[in-house]
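Subject: Structure for your review

Dear colleague,

Please find below the sequence and the structure that I am handing over to you. My notes on what was found follow directly after them.

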Amino acid sequence: MYCIVDVETTGGVKGPTRLTEIAIFRHDGRQIVDTFHSLLNPGQPIPPFISRLTGITDEMVQYEPTFDDVANEVMSITEDAIFVAHNVGFDFNFIRKELNWLGCDYFRRTLCTVRLSRKLFPGLPSYSLGNLCQSLDIPLNDRHRAQGDAAATVRLFEKMLLNDPAGLIPRVGLLSAHCG
């Protein structure tokens with residue numbers, strides 16, 4: 001099992017920054033088998049440059065759940081799955097930070113589609129999600145929004161699975177989360 005994840009945030013991983021949106025597609029290596037998506041109220045103002053980039057405003061998230069409200073769903077849908085993201089360190093560490101604040105230890109095996117795409121599709125001019133999708137004819141709608149970027153990453157991941165004769169993509173699942 002794989003969970004292809006994308007998040008939008010109020011800033012970088014370090015510091016008191018928070019999530020504003022999360023999208024997760026659970027994939028069995030052949031197809032999507034479950035999904036989770038939510039805007040999130042970060043409990044703090046969204047910086048103007050982030051709102052311009054993502055289109056997510058304070059008004060949009062004002063009545064949305066906080067991460068605390070969706071944490072169990074995030075842990076459940078990612079259980080026994082490899083955590084896949086484009087620049088996985090950002091998405092994984094942000095979710096881990098939010099869960100740590102709730103007293104949860106969060107461990108998942110991770111897979112970075114940036115690093116993997118460099119190995120499976122060498123010589124492309126850029127490996128940013130937008131440029132990679134353009135080079136590989138993958139539709140990318142709703143750019144810089146969690147659901148749009150995660151959906152494009154699913155298509156990228158499926159293309160990677162088809163172009164992985166050396167078996168670079170792990171085929172076994174893994175670690176869990178613990179709160180308390």
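I begin with the loop between H6 and H7, where His144 lies. (Helices are DSSP runs of H or I with at least four residues, strands are DSSP runs of E with at least two, and both are numbered from the N terminus.) Please note that this is a predicted model, in which local features need pLDDT of at least 70 and side-chain atom pairs count only at pLDDT 80 or more, while totals for chains, interfaces and linings use all residues. Residues are numbered from 1 along each chain as its sequence is written, and side-chain values use heavy atoms, with hydrogens and water left out.

His144 has a positive phi of about 65°, although it is not a glycine. Most residues other than glycine have a negative phi. With a relative accessibility of 27%, His144 counts as partly exposed. (Buried means under 20% relative accessible area, exposed means over 50%, and partly exposed is in between, with a 1.4 Å probe and protein chains only.)

Asp137 is found in the loop between H6 and H7 as well. Its phi is near 55°, again a positive value in a residue other than glycine. Asp137 is exposed, with a relative accessible area of 68%.

Ile138 also belongs to the loop between helix H6 (129-135) and H7, but Ile138 is buried at 8% relative accessibility. Not counting residues up to four places away in sequence, Ile138 touches Cys133, Ala152, Arg155, Leu156 and Lys159. (Contact means heavy atoms within 4.5 Å.) Ile138 and Lys159 are 21 residues apart in sequence, and their C-alpha atoms are 9.2 Å apart in space.

Helix H7 and its contact with H5

Helix H5 (residues 113-120) packs with helix H7 (residues 146-162) at an angle of about 40°, and their axes are 11 Å apart. (Axes are lines fitted to C-alpha atoms, for helices over the stretch in contact, and angles run from 0 to 180 degrees between N-to-C directions.) The crossing of H5 and H7 is left-handed. (A crossing is left-handed if the near helix is turned anticlockwise from the far one by less than a right angle, and right-handed if clockwise.) On the H5 side the contact is made by Thr113, Leu116, Ser117 and Leu120, which meet Thr153, Leu156 and Met160 in H7. These residues divide into 4 nonpolar, 3 polar and no charged. (Ala, Val, Leu, Ile, Met, Phe, Trp, Tyr, Cys and Pro count as nonpolar, Asp, Glu, Lys and Arg as charged, and the others, Gly among them, as polar.)

Which residues does Ala150 contact, leaving aside its neighbours within four places in sequence? They are Ile4, Val5, Asp6, Ala23 and Phe25. Ala150 is found in H7 and is buried, with a relative accessible area of 0%. The C-alpha atoms of Ala150 and Ala85 are separated by 7.7 Å, although the two residues are 65 apart along the chain. Leu162, also in H7, is exposed, with a relative accessible area of 74%.

The buried residues of helix H3 (residues 67-78) are Phe67, Val70, Ala71, Val74, Met75, Ile77 and Thr78. Seen down the axis of H3, they fall within an arc of 165°, so they line one face of the helix. (The arc is that of the directions from the helix axis to the C-beta atoms.) Asp69, Asn72 and Ser76 are exposed on the other side of H3. Asp80, with a positive phi near 55°, follows H3.

The axes of H3 and helix H4 (residues 88-101) come within 10 Å and cross at roughly 115°, and this crossing is left-handed. Here Phe67, Ala71, Val74 and Met75 in H3 meet Ile95, Glu98 and Leu99 in H4. The contact comprises 6 nonpolar residues, no polar and 1 charged.

Strand S2 and the annotated span

Thr20 is found in strand S2 (residues 19-27) and is buried, with a relative accessible area of 1%. Leaving aside neighbours within four places in sequence, the contacts of Thr20 include Glu8, Ser38, Pro42 and Val61.

Finally, the UniProt annotation "domain: Exonuclease", from an unreviewed entry, covers residues 1-166. (UniProt positions are given in the numbering used here, feature names are shortened, and annotations may be inferred rather than shown by experiment.) That span is 42% helix and 21% strand, and its end C-alpha atoms lie 19 Å apart.

Yours sincerely
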